[in-house]
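Visitor: Hi, I'm new to this one. Can you walk me through it?
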Amino acid sequence: MAAIQTALSSIFFSKYLHSLSQTPHRLRKRMLATWTSDQELNQVRLRSGADMKRKLGWYDLVALGIGGMLGVGVFVTTGPVALHHSGPSVFISYIIAGISALLSSMCYTEFSVEIPVAGGAFSYLRVTFGEFVGYFAGANILMEYVLSNAAVSRSFTEYLSCAFGGNLNSWRVEVHGFTKGFNMLDFPAVAIILLLTLCLCYSTKESSILNFVMTIFHVVFFGFIIIAGFLKGSAKNLVNPDGLAPFGVKGVLDGAAQVYFSYIGYDSVSTMAEEISNPSKSLPVGIMGSVFIVSGLYCLMSFALCMMLPYNQIPEKASFAIAFQRMGWKWASNIVGAGASLGIVASLLVAMLGQARYLCVIGRARLVPLWLAKVHPSTGTPLNATLFLGAFTASISLFTELEIVVDMVNLCTLLVFYLVANALIYRRYVITVNNPPFHTLLFLSLLSCSSIAFSLSWKLKQWWGLPLFGGIMIIITACFHYFVPYPNQPSKWSVPFMPWPAAMSIFLNVFLMTTLKKLSLQRFGVWSCLIILFYVLYGVHSTYRAEEMGMDAGGVNPNSSAQQTKLDIQLL
């Protein structure tokens, strides 16, 4: 038996070495390989086995979008951003971040209506720019979700402690000898992640109903905080002690990059596309409607907080609960702690729903083991991906503080949204109308370079560069709009006034990325090297075997006619 195992290991190792020797050839074949929308909708979906069940309507999507965003950031980032970056003008930071999120959500919406699959940005970029760009974006999305969910689950523990009248770390275990930021073990955070993982394994529809109920309560709860803050607070706190913007315009813009964390979640709605009964009508309402509603609530919430306390007295953690406590409303502090905990649970539910579907579709593409793409036939959920990411998220939530990962999460989010905006322009002006790609690629390159130059001019205080590069961006966008043939308006929902909204999204995402700390860029560099190494050592060989050699799981040819009889997706 041992001899057989040794022989099998030797055969496997020799085959793998042969595959590695073919790496340059396989990279040339696969890096820019694209799928058509029809292949993505039908052929690739077969690899999950059973279909996901179509049970969701537009109201489910709005509730999922609101639930996914409301708790994930406003309770977590508002306090530290007001204290260290924006001061009382934190609501302006939310407006700027909200505009960027709205522009990105418009790009997501058009893609999700055209390609209603669970892969979100991964699928959109794969059918537009090829396998490697899609993989790179997908890996960053997964990292963003896992780290943000792990960090936010720890805020759940802090607000829950406030609800029961304890201090912020009363339910944590300190381990001496560990590095600061990793030394407080948070078992309640692990418990809530595992509990939600089991819930999501059972059914998407039931999870959606649970989120719907929690979201209704959550909006009412937000209303209580806003009304109480306006009635109990004082307008003097908005200008005392150092004015509305004590850190200047730079502080407001830096704060916008930080609070962008609060808008993570709306893209989860696009990953529900395979579980919606009418994608073309429900997705635009669900994605953009939730961003509009949440943006308004965020501005009012942050405004109310700054009315309750002067900005330099706002606590960094559990800001809203402690603010009520310092105002003398102990009972309200307990209510806010409980309500914020529930809101964080709702946001975790939606984010974990989305992250599993991203991994499922990446598994379908064979960039990770196909086992992660399997959909359970009875529940209609991506069971393996849900369990795998749930366990991974829980392990990180045990010890990692929010401030360790927030900049990294924001950077990865903004990068993916930047890529989606580029992909939308390329798809509109090249793929759908068969225009030569040169003019569009030149425009995208010049726009990105001008955006980077403008952003660096701002960061380095080279004020002469702002009108120069800002003017260049406007001129090249106007020239592109005028000279490049504009496609006919698609029959389904599409972004109006193209290419201006997508161009503005590209600029804002680049600008906000450059305001983040240098350490986050260094960490992103390390992460990028790791995921590229994984692609070179595993991903490209797996997809080459599946697509180029015609061998899918079990030796099935993915292009066989039998697989073309997949039941059509309801697009209308």
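Guide: We'll take salt bridges, a helix, a pocket and a loop residue in turn. Keep in mind that this is a predicted model.

Visitor: Fine. How many salt bridges does the structure hold?
Guide: The structure holds 4 salt bridges. One of them joins the side chains of Arg30 and Glu131, at 2.8 Å from N to O. Arg30 is in helix H2 (residues 23-30) and Glu131 is in helix H8, so this pair ties together parts 101 residues apart in sequence.

Visitor: Are Arg30 and Glu131 buried or exposed?
Guide: Arg30 is buried, at 4% relative accessibility. Glu131 is buried too, at 1%.

Visitor: What does Arg428 pair with?
Guide: Arg428 meets Glu110 in a salt bridge, again 2.8 Å from N to O. Arg428 belongs to helix H17 and Glu110 to helix H6 (residues 90-114), so the bridge ties together parts that are 318 residues apart in sequence. Arg428 is buried, with a relative accessible area of 4%. Glu110 is buried at 2%.

Visitor: Which residue does Lys250 bridge to?
Guide: To Asp254, with the closest N and O atoms 2.9 Å apart. Lys250 and Asp254 are 4 residues apart in helix H11, so about one helical turn separates them.

Visitor: And how accessible are Lys250 and Asp254?
Guide: Lys250 is partly exposed, at 36% relative accessible area. Asp254 is buried, at 13%.

Visitor: Tell me about H11 as a whole. How many of its residues are buried?
Guide: 9 of its 12 residues are buried, so H11 is largely enclosed by the rest of the structure. Among the buried ones are Gly251, Val252 and Leu253.

Visitor: What span should H11 have?
Guide: At 1.5 Å a residue, H11 (residues 248-259) should span 16 Å. Its end C-alpha atoms are 17 Å apart, which agrees.

Visitor: New topic. How much space lies in the largest pocket?
Guide: About 690 Å³. Of the 24 residues that line the largest pocket, Ala139, Met143, Phe392, Trp527 and Ile531 are the closest to its centre. Several helices each supply at least two lining residues, including H8 (131-163) and H21 (518-548).

Visitor: What classes of residue make up that lining?
Guide: The lining has 23 nonpolar residues, no polar ones and 1 charged one.

Visitor: Last one. Where does Asn435 lie?
Guide: In the loop between H17 and helix H18 (437-459). Asn435 is buried, at 17% relative accessible area.

Visitor: What is Asn435 in contact with?
Guide: Leaving aside neighbours within four places in sequence, Asn435 is in contact with Tyr429, Val430, Val484 and Pro485.

Definitions and conventions
Residues are numbered from 1 along each chain as its sequence is written. This is a predicted model: local features need pLDDT of at least 70, side-chain atom pairs count only at pLDDT 80 or more; totals for chains, interfaces and linings use all residues. Side-chain values use heavy atoms; hydrogens and water are left out. The expected span of a helix is 1.5 Å times one less than its number of residues. Buried means under 20% relative accessible area, exposed over 50%, partly exposed in between (1.4 Å probe, protein chains only). On a 1 Å grid over the protein atoms alone, a cavity is a set of points where a 1.4 Å probe fits but cannot get out, and a pocket is an open set with protein on both sides within 12 Å along at least five of seven lines; lining residues have an atom within 4 Å of a point. Grid points are joined across faces, edges and corners, and a volume is the space filled by probe spheres set on the points. Ala, Val, Leu, Ile, Met, Phe, Trp, Tyr, Cys and Pro count as nonpolar, Asp, Glu, Lys and Arg as charged, and the others, Gly among them, as polar. Contact means heavy atoms within 4.5 Å.
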